[in-house]
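These are my notebook entries on one structure. I set down what I looked up, entry by entry.

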Amino acid sequence: MNVNEDHNWKFAQCFGDKGESDDITEADIITAVEFDHTGDFLVTGDRVSGRVVLFERNDSKKGCEYKFHTEFQSHEAEFDYLKSLEIEEKINKIKWCKRQNSAHFLLSTNDKTIKLWKVFEKSLKVVAENNLNDGPQPVANALRIPKLAHQDTIIAAAPRKVYANAHAYHINSISINSDSETYISADDLRINLWNLNISDQSFNIVDIKPANMEELTEVITAAEFHPYHCNMFMYSSSKGTIKLSDMRESALCDQHAKVFEEAEDPASRSFFSEIISSVSDISFSHDGRYILSRDYLTLKIWDINMDNKPVQTINIHDQLRSKLCDLYENDCIFDKFECTFSGDDSHVITGSYNNTFHLYDREGKSDITLQADKSAFKAKRLGSSKNKMAMTRGPGKGGIVGSDPTDFNKKILHSSWHPQENTIAVAATNNLFIFTYVYKYITL
């Protein structure tokens with residue numbers, strides 16, 4: 001008797017109450033998704049309301065399912081009177097701190113302010129109504145002390161630190177160090193190093209602002225600490241470069257240790273070349289050996305020991321190369337897609353349009369394309385999902401699923417991969433979708 005194993009990605013859950021309608025407001029759009037280090041908790045942040053929502057694994061259900069845990073208001077709208085600038089509540093990034101006790105700690109940031117939140121179980125107690133009648137009768141005129149009785153246990157969230165007034169430009173990245181004591185925050189021109197316990201002081205470790213702003217040629221787009229080496233971090237730029245820096249070399253890390261850059265073919269250069277080469281997201285593999293980067297049209301995997309070219313370049317939606325002029329007109333060419341490794345570093349994930357996202361093996365030989373769309377699941381239940389939802393396998397199949405025209409309003413920008421299992425969380429406008437890997441055993 002032989003047993004063959006067949007793998008399938010299946011839709012598991014969807015959190016969202018408004019469906020895929022045309023009247024979705026900006027307040028509903030999810031802008032951050034992140035699993036914690038165990039995968040038992042999942043957090044999201046939204047655009048306008050500044051809310052952070054936590055989900056916890058539902059152990060009473062089979063498979064990898066999640067349930068609502070708690071939510072809280074992380075940021076509120078502010079106004080910078082010195083610059084006459086309104087600061088939105090939009091949650092740009094959320095990062096989990098490594099858990100030290102029963103409470104959870106996480107960092108959340110909008111454009112200007114970073115906050116450290118503590119999420120914990122809080123016991124609510126009230127004065128017992130019958131405590132005076134309990135036990136033996138007290139002596140006359142004796143002091144009677146009220147007793148507290150447990151009433152309920154709630155999940156509470158409290159801000160422990162507020163890291164403000166350190167960035168003149170919009171914060172695009174935060175990354176917690178492997179020492180669990182420090183973290184970096186990056187805006188368009190600077191990267192600051194913080195101690196989690198000190199909120200009123202930070203150290204500027206990268207500053208690319210020119211003396212004359214008219215000479216500005218690039219901006220910082222993302223930054224991340226190395227998963228093991230607490231002295232190393234990387235940051236990407238709008239010129240398509242990734243720079244690896246070592247904080248042991250100098251206090252100001254403007255002189256990078258390595259720069260990862262692929263030479264551009266002069267024959268293919270166009271007006272849009274610099275825009276589409278801008279790196280929107282970068283991520284270290286869990287072992288720290290590889291770097292994953294995403295620009296508008298491609299996904300690149302770099303070996304940290306080889307900086308002259310990527311070991312793998314994967315075309316995401318190459319069919320849009322002929323439509324760059326239209327994408328420039330509707331601003332979609334500036335969309336910032338995220339990317340990340342799987343828990344075992346064997347696969348990578350990134351998003352695309354039509355609410356589709358792609359799963360590639362690290363060699364780029366296989367592509368699984370899935371669609372996160374409620375209407376697709378409804379159509380599938382009705383038996384009419386031939387063009388609505390599809391799964392494609394094999395190399396070179398990185399495109400939009402189905403024959404429907406591309407809907408640029410539906411896009412997967414944010415996603416997260418479970419650190420220990422093949423479970424993925426993706427944000428599709430106002431909905432959070434969870435997909436999981438199902439193993440089917442076929443007996444021959």
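I located Y328 in helix 2 (residues 324-329); helices (H or I, at least four residues) and strands (E, at least two) are DSSP runs, numbered from the N terminus. I noted that Y328 is partly exposed, with a relative accessible area of 31%; buried means under 20% relative accessible area, exposed over 50%, and partly exposed in between (1.4 Å probe, protein chains only). Together with F271 and F334, Y328 makes a nonpolar surface patch of about 330 Å². Patches are made of residues with over 30% relative accessible area and no salt bridge, with nonpolar side chains (Val, Leu, Ile, Met, Phe, Trp, Tyr) joined within 5 Å and like charges within 9 Å. A salt bridge is a side-chain nitrogen of Lys or Arg within 4 Å of a carboxyl oxygen of Asp or Glu, and accessible areas come from the Shrake-Rupley method with a 1.4 Å probe, only the protein chains shown counting as cover for residues.

I recorded the basis of the entries: this is a predicted model, in which local features need pLDDT of at least 70 and side-chain atom pairs count only at pLDDT 80 or more, while totals for chains, interfaces and linings use all residues. Residues are numbered from 1 along each chain as its sequence is written, and side-chain values use heavy atoms, with hydrogens and water left out.

I then checked backbone angles. D331, in the loop between helix 2 and strand 24, has a positive phi of about 70 degrees although it is not a glycine. At 47% relative accessibility, D331 is partly exposed. S180 is also not a glycine, yet has a positive phi of about 60 degrees; S180 sits in the loop between strand 12 (173-176) and strand 13 (182-186).

Next I traced an open sheet of 4 strands, with the order 24-25-26-27 and antiparallel pairing; two strands pair if DSSP finds at least two bridges between them. Strand 24 (339-341) and strand 27 (367-371) are at the edges with a single partner strand each, so one side of each has no neighbour in the sheet.

I followed strand 25 (residues 347-351) to strand 26 (residues 356-361) across 5 bridges, where T350 has H358 as its bridge partner. Another 5 bridges join strand 26 to strand 27, and Y360 is paired with D367. The hairpin of these two strands has 5 residues between them, and G364 takes a positive phi near 75 degrees there.

How many residues of strand 27 are buried? I found 5 of the 5 buried, so strand 27 is largely enclosed by the rest of the structure. D367, T369 and Q371 point one way from the strand, I368 and L370 the other way.
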